[in-house]
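Here is a short report for a first look at this structure. Keep the sequence and the 3D view open while reading.

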Amino acid sequence: MTTATAAPLIPQELIRRKRDGGILTAAELGAFAHGLADGSVGDGQAAAFAMAVFFRGMTSDERVALTLAMRDSGRVLDWAAAGLDPRRVVDKHSTGGVGDKVSLMLAPMVAACGALVPMISGRGLGHTGGTLDKFDSVPGYQTAPDAETFIRVVRTIGCAVIGQTADLAPADRRLYAIRDVTATVESLPLITASILSKKLAAGLGGLVMDVKFGSGAFMAAADDARALAESIVDVANGAGVPTVALMTDMNQVLGDRVGNALEMAEAIDFLTGKRQEPRLREVTLALSAEMLVLAGLADSLDAARARLVARLDDGAAAETFGRMIAALGGPADLIESPTRYLAEAPQRYPVKADRAGVIGRYDARSIGVALIELGGGRVDPRQTLDYAVGITDIVRPGDHVAAGDTLALLHARDGASAARAAARVAATLVPGDSAETPGPLIAARITGGAND
Ligand code: URA
């Protein structure tokens with residue numbers, strides 16, 4: 001397949017062909033992405049294109065071409081030009097889940113093993129939290145540094161977690177905003193191209209995808225998540241970036257805590273070895289190990305794990321995290337004194353069990369929605385968050401409780417928001433007479449070749 005040429009674009013002809021089930025060329029998709037970025041394709045045309053793709057789908061070649069065209073609609077980072085080995089540049093992307101704070105530990109752990117992690121993250125919307133919001137809970141931390149600072153921090157420390165810049169994949173920024181208001185978000189080819197165009201613009205040598213399924217995930221049904229994982233792995237590998245996806249279970253909150261500053265504190269406890277919730281540790285190590293293998297820094301996943309555990313145990317991962325925070329404007333002693341900097345909510349409300357029983361499968365999405373009710377998540381992209389609020393001490397499937405035991409502890413700004421959140425949490429964490437055993441945490445590994 002050839003890349004984009006300067007063929008004159010007649011958007012309505014291209015939309016008509018896709019509407020009628022035809023196949024678009026790389027040159028056409030290149031011109032269309034260019035038109036999205038420079039405004040020559042109108043909002044109506046972009047919406048019609050998205051709806052045509054929604055109904056007609058795209059071949060694998062079309063998906064690769066659209067991804068590359070949207071990547072090339074803006075700046076593409078070039079690590080070789082910055083004197084770095086591009087193969088060592090790796091990243092992880094998660095489709096998001098309630099309590100998913102993996103990136104906070106993974107980036108410094110992988111960097112402490114010699115990889116480079118230029119992580120461009122998003123804010124949360126809806127019930128899944130965003131990595132950037134967690135970093136915004138750290139006073140002074142810059143999630144929007146200039147490109148030179150970003151490159152310098154990656155070069156000197158090994159990792160930097162920042163937000164999407166205006167010059168990165170602008171065609172996706174425009175198309176995503178239009179999809180959001182035209183009921184065309186849920187299109188596999190468009191989701192694939194959207195996620196990957198931004199990731200590939202970071203100039204990666206390898207990518208690991210955490211595709212979550214279950215009640216706390218963006219895609220609840222395991223079959224839908226598998227289709228997305230397969231599409232992303234196929235397209236990323238087709239675009240020349242070796243990619244592995246793990247399908248991970250989000251039917252319960254990941255880790256101990258939900259809420260921005262609370263999750264930042266949990267990540268610091270993890271990195272300093274104070275407390276590592278077992279499921280969170282397993283997912284973090286599994287994804288990190290894949291990154292080390294992709295970066296050529298370990299021969300096997302077992303060897304990669306051993307290296308990662310050693311860097312956790314000797315404090316190197318925590319030190320890398322602390323240096324990254326300081327280099328991007330945060331306090332130099334955040335790791336040593338987190339309570340000095342991370343906001344705490346003024347009020348605590350335990351949600352209590354009204355009967356004895358065992359906790360079964362619950363709706364993790366409700367915990368994410370309860371966080372929104374407390375003010376810690378958003379329903380509108382312009383909303384400002386209360387970083388201090390959240391939920392801790394959440395019981396797990398299989399836990400036995402007595403009447404009056406705490407099911408979850410709410411950290412709230414006021415009684416009204418706590419009452420709303422408490423009602424929602426109590427409606428889902430209901431003790432019963434029996435509980436089914438949860439499924440495997442890592443349900444599948446998708447590599448583009450044979451999958452496990
Ligand atoms: N996340 C993205 O970045 N794009 C989508 O289309 C869906 C989720």
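What follows covers the ligand site and some helix pairs.

## The model

This is a predicted model.

## Around the ligand

Start at the ligand. Tyr176, Arg179, Ile191, Ser194, Ile195 and Lys198 surround the ligand. Three of these residues are described here by polar distances to the ligand.

Arg179 has a polar side-chain atom 2.9 Å from an oxygen atom of the ligand. Lys198 also places a polar side-chain atom by a ligand oxygen, at 2.5 Å. Ser194 faces another kind of atom: an N or O atom of its side chain is 2.7 Å from a nitrogen atom of the ligand.

## Helices H9 and H10

Helix H9 spans residues 188-200, and helix H10 spans residues 222-238. The two pack at an angle of about 55°, and their axes are 10 Å apart. H9 and H10 are therefore oblique to each other. Their crossing is right-handed.

Which residues make the contact? From H9 come Leu188, Ile191, Thr192, Ile195 and Leu196. From H10 come Ala227, Leu228, Ser231, Ile232, Val235 and Ala236. By class, nine residues in this contact are nonpolar and two are polar, with no charged residues.

## Helices H5 and H11

Next, look at helix H5 (residues 102-112) and helix H11 (residues 260-271). Their axes come within 9 Å. They cross at roughly 35°. The crossing of H5 and H11 is right-handed.

H5 brings Leu104, Met105, Pro108 and Met109 to the contact. H11 brings Glu263, Met264, Ala267, Phe270 and Leu271. How many residues of each class does the contact of H5 with H11 have? Eight are nonpolar, one is charged and none is polar.

## Helices H2 and H3

The last pair is helix H2 (residues 26-38) with helix H3 (residues 43-56). They pack at an angle of about 135°, with axes 11 Å apart. H2 and H3 are therefore oblique to each other. Is their crossing left-handed or right-handed? The crossing of H2 and H3 is left-handed.

On the H2 side, the contact is made by Leu29, Phe32 and Leu36. On the H3 side, Gln45, Ala46 and Phe49 take part. The contact of H2 with H3 has five nonpolar residues, one polar residue and no charged residues. Gln45 is the polar one.

Conventions: Residues are numbered from 1 along each chain as its sequence is written. This is a predicted model: local features need pLDDT of at least 70, side-chain atom pairs count only at pLDDT 80 or more; totals for chains, interfaces and linings use all residues. Side-chain values use heavy atoms; hydrogens and water are left out. Axes are lines fitted to C-alpha atoms, for helices over the stretch in contact, and angles run from 0 to 180 degrees between N-to-C directions. Helices (H or I, at least four residues) and strands (E, at least two) are DSSP runs, numbered from the N terminus. Angles under 35 degrees count as roughly parallel, over 145 as roughly antiparallel, 65 to 115 as roughly perpendicular and the rest as oblique. A crossing is left-handed if the near helix is turned anticlockwise from the far one by less than a right angle, and right-handed if clockwise. Contact means heavy atoms within 4.5 Å. A residue is near a molecule or strand if one of its heavy atoms lies within 4 Å of it. A polar contact is a pair of N or O atoms within 3.5 Å; within protein, one must be able to donate a hydrogen and the other to accept it, and residues adjacent in sequence count only if both atoms are side-chain atoms.
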